[in-house]
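Hi everyone, thanks for making time this morning. I'd like to walk you through a structure and stop at a few spots along the chain. Have a look at it first, and then we'll start.

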Amino acid sequence: MNAARFRSVFTCLRACVLLAAAAPILTAPTLGAQSGPAVATLLRQAEVAPVLQVYEYANQIVDLAPDSNLDGFRDQVLGAVAPGSSAETAKGRLAAALALRSLKNDSTYGKDVLDLLTPVANSADDGVRAATMAVLGDDRLFNNRVLPDVRKIVLENCKDELVAPSVRIEAALALWQVGTNEDRATAKATLEQFLQSTDRELRQRGALALAELNIEGGPAWTVLREIRDEPTDAGRRARLFLRREEERRQLEQSLARIVERNTGTGSEHDDYRILTELRQRVRAQHLRGSTVTDQELVEYAAKGMLEGLDPHSTFFTSDEYKRFFFDLNREYGGIGAFVNFDQDNDFSIVRPIYSGPAYEIGLRSGDKILEVDGWETAGHTSDEIVTRLKGRPETPVVLKVFRAGFQEPQVLTVLRRQISVPAVNWTMVPGEIGYVELISFSSNLAEELRRALADVTAKGARGIVLDVRNNTGGFLSQAGDVVEQFLDGKKLVVYTEGPAEPRRDYYTEDGPRAVCKLPLAVLTNNFSASASEITAGALQDHGRATIIGQRSFGKGSVQNLFALRSDPPEAWDDLNGDGNWQEGEPFTDRNQNGKYDYGAHIKLTVAKYHLPSGRCPHREFDKEGRIVDPNWGVMPDKVVDLLENKPEDAWKNAAVFALLKKAVFRDYVKSHMAEHEALFRQLAEGDEGDPKKYPGFDEFYRGLDTKLTEDDVRRWLRYEVRDQISDLRGAVYPGQRALGDPQEDAQLQEAVRTLLQQDGRDIRELAAYHNVLKIKFPEEPRTSAK
């Protein structure tokens with residue numbers, strides 16, 4: 001019998017011991033067209049019944065559920081316990097929660113169950129409270145979004161010594177199921193306290209609970225052996241546990257003998273005999289040995305095999321390859337928006353893609369998506385929701401959305417389109433400098449960069465800043481296409497070479513083509529890797545750009561992707577002819593798992609790349625962990641650190657986070673936007689470091705009661721202004737927070753200064769940089785008085 005089955009059996013046994021005798025069989029009221037009144041009646045009856053009988057009423061409610069439209073039935077159950085209803089009481093809530101738990105064997109209604117039971121967790125009725133703890137210990141019910149709240153409730157009941165023993169025991173058992181390793185230690189310590197009690201019944205309860213958690217040995221088993229022959233429920237449970245333990249010990253001994261016999265059967269020349277033995281031992285002895293599949297074991301072995309060779313070779317399962325493939329080919333059929341859960345745990349639009357259908361139809365940052373085609377998003381994971389938002393281009397999806405200020409949610413129909421996630425962001429910064437941020441070296445990068453350079457040139461750019469900070473790379477060919485847009489003629493960009501890969505040279509195209517000849521600076525940091533390093537290093541080697549920032553990551557190896565013949569992708573109908581499966585395209589579901597499988601792939605390191613000067617930026621370690629070549633990476637011509645806060649001001653991070661959690665900056669900007677939109681558009685471009693430019697700043701700052709300076713608060717207010725103005729102007733500001741902000745980004749300021757110097761200008765003479773320069777200047781020569 002597995003642990004889950006024991007859990008179910010002993011939960012029922014505990015209920016029988018703690019509560020009253022079994023109730024008479026009840027008859028559900030006759031149903032009309034709607035089951036709502038019948039549900040309400042059963043919940044009212046549950047409120048006046050003994051706790052054990054509440055379980056029976058919950059079962060009868062479940063019997064009323066239709067075969068389809070369970071969500072509608074769930075609404076009826078919740079409506080019956082809404083505030084002000086006659087069933088909105090402790091036992092009524094418990095019965096409703098038990099019913100919802102039984103409707104689906106997963107976390108679909110976990111948030112509803114938690115909302116129902118939260119007010120009951122401190123009930124004066126110990127029976128209700130103990131039953132509540134038992135339900136909260138059902139780890140199937142709760143996804144990662146609500147688990148922290150569940151843990152908090154059961155932890156409080158577990159640790160509170162003034163709580164009734166029956167409640168604390170149930171809370172400890174629940175905490176073991178839903179808690180962290182630290183929480184489990186707390187649960188175990190709590191149950192062990194009961195073993196020290198002078199009350200014999202409490203000692204027995206503590207011992208039985210510890211046995212239920214499969215905690216072997218110790219004084220608990222001494223108590224079980226003492227009561228095993230007693231003709232009581234506790235004695236019978238003790239016998240069950242002791243018998244199970246003895247059977248487990250015998251099974252272990254048998255398995256050990258089997259393993260010993262089988263591990264000697266492989267030939268001593270069999271190179272895979274270790275894997276064979278490991279598989280047998282896992283099956284026989286590991287905690288997950290009875291549940292882990294051979295396919296999973298093969299996947300783990302494949303990952304270990306490749307990752308043991310180098311950090312960049314890896315094995316992709318079908319799902320992993322799907323995510324990796326999207327990062328390199330940033331196109332999909334969908335509504336065009338970045339989405340996630342907000343601070344209220346509502347699924348929201350973080351930012352629309354301004355060229356996409358979501359923005360065109362009126363969706364904006366912060367809008368909460370309540371339903372997708374009538375399906376509620378609450379209680380579901382991000383992946384589940386995104387799957388429903390995506391689909392074949394030119395197909396509609398109906399969204400129910402809510403925005404602050406709406407009287408009620410709005411229903412919008414969005415026509416999905418082929419979405420290309422931007423690989424480039426760009427803008428003009430003070431000094432007539434075009435600032436171009438390369439987000440990733442994906443397949444759409446080169447064409448977007450051409451548009452960006454054409455746009456800033458048309459706007460009068462006299463220099464270009466190319467930003468590859470935090471860009472971890474992508475397609476090697478795209479790096480060549482980027483460099484080609486800044487170099488004339490046929491020039492070497494990079495060459496690759498490996499044991500099984502002969503030298504291969506990559507050149508810019510020799511022939512007529514558009515080339516940007518403006519002065520160029522490239523920004524790098526310690527997260528600039530691979531294709532980013534090729535771009536920066538090649539432009540540096542050819543003397544085309546000044547590199548500014550920090551030394552790059554040091555990834556000079558080349559990986560190729562290989563599909564595995566042993567696990568090929570599923571066949572599909574390529575309706576749009578792009579050679580890639582898209583959401584909504586028909587496919588052959590080979591393994592009947594209800595989703596398209598890309599098949600297994602590997603990313604294998606096959607060569608190293610070398611920059612035009614012959615140097616290889618790869619950071620490599622010997623067996624002792626020492627760096628082989630101290631000249632790894634791409635070293636900037638000008639080393640500049642980006643420190644938003646000085647090390648001694650690290651405490652400010654926590655202070656800012658506390659204010660962000662309260663949404664004070666967002667609420668301030670939203671409340672002033674309608675009246676001061678023109679001003680905020682100006683402040684988004686630059687505020688000269690003056691907090692007094694923000695309406696009512698002094699009163700706002702005093703109300704924060706924070707140790708942050710006025711300038712700290714001004715900076716974060718401006719970040720929020722830029723975020724909200726992005727929606728109004730339909731274009732994102734490049735970078736993130738300080739990064740890419742000409743007022744706050746010291747590395748960007750150094751790049752602007754460098755380009756202005758080449759043009760015979762001084763950054764200090766530009767009004768936009770007055771009072772906000774982060775970079776240092778050499779001291780002016782002083783003359784002595786005579």
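Predicted model: local features only at pLDDT ≥ 70, side-chain atom pairs only at ≥ 80, totals over all residues.

**A pair of helices**

Let's move on to helix H5, residues 90–103, and helix H6, residues 110–117. Their axes are 9 Å apart, and the helices pack at an angle of about 165°. Angles over 145 degrees count as roughly antiparallel, so that is what we call H5 relative to H6. The crossing of H5 past H6 is left-handed.

Which residues make the contact? From H5 we have Arg93, Leu94, Ala96, Ala97, Leu100 and Arg101, and they meet Asp112, Val113, Asp115, Leu116 and Leu117 of H6. If you sort them by class, you get seven nonpolar residues, four charged ones and no polar ones.

Now for some phi angles. Most residues other than glycine have a negative phi. Gln592 is not a glycine, yet its phi is positive, at about 55°. You'll find Gln592 in the loop between strand E17 (557–563) and strand E18 (601–610). Is Gln592 buried or exposed? Its relative accessible area is 65%, so Gln592 is exposed.

Arg737 is another non-glycine residue with a positive phi of about 55°. Arg737 sits in the loop that runs between helix H25 (710–729) and helix H26 (746–758). With a relative accessibility of 29%, Arg737 counts as partly exposed.

**Asn470 and its partners**

My last stop is Asn470, in the loop between strand E12 (463–467) and helix H20 (476–484). Asn470 is partly exposed, at 41% relative accessibility. What does Asn470 contact, once we leave aside neighbours within four places in sequence? The answer is Asn525, Phe527, Ser528 and Leu739. If you'd like a distance to go with that, Asn470 and Gly735 are 265 residues apart in sequence, while their C-alpha atoms are 9.9 Å apart in space.

That's my tour, and I'm happy to go back to any of these spots.

How values were computed: Residues numbered from 1 in each chain as written. Heavy atoms only, no water. Axes fitted to C-alpha atoms, helices over the stretch in contact; angles between N-to-C directions. Helix = DSSP H or I, 4+ residues; strand = E, 2+ residues; numbered from the N terminus. Parallel < 35°, antiparallel > 145°, perpendicular 65-115°, else oblique. Left-handed = near helix turned anticlockwise from the far one by under 90°. Contact = heavy atoms within 4.5 Å. Nonpolar A, V, L, I, M, F, W, Y, C, P; charged D, E, K, R; others polar. Buried < 20%, exposed > 50% of the residue type's maximum accessible area, 1.4 Å probe, protein only.
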